[in-house]
Amino acid sequence: MTMKRMLETSFPGIHVILHNYPPPFPKRVLGKLVPILQVGAIATIMAGDHIFPRLGMVPPPWYYSLRANRFGTMATIWLFGNFAQSFLQSSGAFEVYCNGDLVFSKLAEQRFPSEFELRDLINSRLPDSLVGKNVGKALS
């Protein structure tokens, strides 16, 4: 949003569109599985005394240590699950196009552009305008 405001202020009349770049397919699938795993883990902590015997198993020792601190275990599952889901849903992309041409790609450059750099890149791609000509005259 900061870059959008800066570009709209620097280039009046420019139309800035923000769009999410989708993460790769495996990350999207894993991101959808995380909440299911969270619910399963919390259900196991809450009802493991009934689940394990129905499966014909004796509850493992780790189950009792997790169950001893239910609140802390569930909070940890929730926190790490949300962190994992957030990580899996982000692509790390910041792609800037001007008139259909790629101006800057965070995926290719492996860094985020500065405001000045982005403004200069966009300015070099836009046709000369009255604002650009007047700024050039004022600076010289």
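Reader: Thanks! At what angle do H2 and H4 pack, and how far apart are their axes?

Author: Before anything else, please keep in mind that this is a predicted model. In it, H2 and H4 pack at an angle of about 175°, and their axes are 9 Å apart.

Reader: Does that make them roughly parallel or roughly antiparallel?

Author: Angles over 145 degrees count as roughly antiparallel, and therefore H2 and H4 are roughly antiparallel to each other.

Reader: Which residues meet where H2 and H4 come together?

Author: On the H2 side they include Gly31, Val34, Pro35 and Ile45. On the H4 side, Thr73, Ala84, Gln85 and Phe87 are among them.

Reader: Let's pick one. Where is Gln85, and what is it in contact with beyond its neighbours within four places in sequence?

Author: Gln85 is found in helix H4, which covers residues 70-89. Leaving aside those neighbours, Gln85 is in contact with Gly31, Val34 and Pro35.

Reader: How far apart are the C-alpha atoms of Gln85 and Val34?

Author: They are separated by 6.3 Å, while the two residues are 51 residues apart along the chain.

Reader: And Ala84, where does that lie, and is it buried or partly exposed?

Author: Ala84 lies in helix H4 too. Its relative accessibility is 25%, so Ala84 counts as partly exposed.

Reader: What about Thr73, buried or exposed?

Author: Thr73 is found in helix H4, and at 12% relative accessibility it counts as buried, because the cut-off for buried is under 20%. Apart from neighbours within four places in sequence, Thr73 is in contact with Ile45 and Leu66.

Reader: New topic: rings! How many aromatic pairs are there?

Author: The structure holds four aromatic pairs. In one of them, the rings of Phe52 and Trp62 have their centres 6.5 Å apart and their planes at 80°.

Reader: Why is that pair called edge-to-face?

Author: Planes over 60 degrees apart count as edge-to-face, and the planes of Phe52 and Trp62 are at 80°, so this pair qualifies.

Reader: Which helices hold those two residues?

Author: Phe52 is in helix H2 (residues 25-54) and Trp62 is in helix H3 (residues 61-68). They are 10 residues apart, and the pair links distant parts of the chain.

Reader: Are those two buried or exposed?

Author: Phe52 counts as buried, at 8% relative accessibility. Trp62 is partly exposed, with a relative accessible area of 48%.

Reader: What about the pair of Tyr63 and Tyr64?

Author: Their ring centres lie 5.4 Å apart with the planes at 65°, so this pair is edge-to-face. Tyr63 is buried, with a relative accessible area of 0%, whereas Tyr64 is partly exposed at 46%.

Reader: Which residues do the ring pairs link into a cluster?

Author: Phe52, Trp62, Tyr63 and Tyr64 are linked into a cluster by ring pairs.

Reader: What sits over the ring of Phe87?

Author: That would be the charged end of Lys27, 4.8 Å from the centre of the ring. Lys27 in H2 and Phe87 in H4 are also among the residues where these two helices meet.

Reader: Zooming out, how is the chain divided into domains?

Author: Domain 1 covers 26-90 and domain 2 covers 95-124. Their C-alpha centres lie 42 Å apart.

Reader: How far apart are Asn69 and Glu117 in space?

Author: They are 52 Å apart, C-alpha to C-alpha, and 48 residues apart in sequence. Asn69 lies in the loop between H3 and H4 and is partly exposed, with a relative accessible area of 46%.

Reader: Now the loops. What is the phi of Gln110, and where does it lie?

Author: Gln110 has a positive phi of about 60° although it is not a glycine. It lies in the loop between helix H5 (106-109) and helix H6 (115-125), and it is exposed, with a relative accessible area of 66%.

Reader: Last one: where does Ile17 lie?

Author: Ile17 lies in the loop between helix H1 (2-10) and H2. It is exposed, at 64% relative accessible area, and its C-alpha atom is separated by 8.2 Å from that of Lys4, 13 residues apart along the chain.

Notes
Residues numbered from 1 in each chain as written. Predicted model: local features only at pLDDT ≥ 70, side-chain atom pairs only at ≥ 80, totals over all residues. Heavy atoms only, no water. Phe/Tyr/Trp six-rings, centres within 6.5 Å; stacked < 30°, edge-to-face > 60°. Buried < 20%, exposed > 50% of the residue type's maximum accessible area, 1.4 Å probe, protein only. Lys NZ or Arg CZ within 6 Å of the ring centre and 35° of its normal. Domains from an automatic or database assignment. Contact = heavy atoms within 4.5 Å. Axes fitted to C-alpha atoms, helices over the stretch in contact; angles between N-to-C directions. Parallel < 35°, antiparallel > 145°, perpendicular 65-115°, else oblique.
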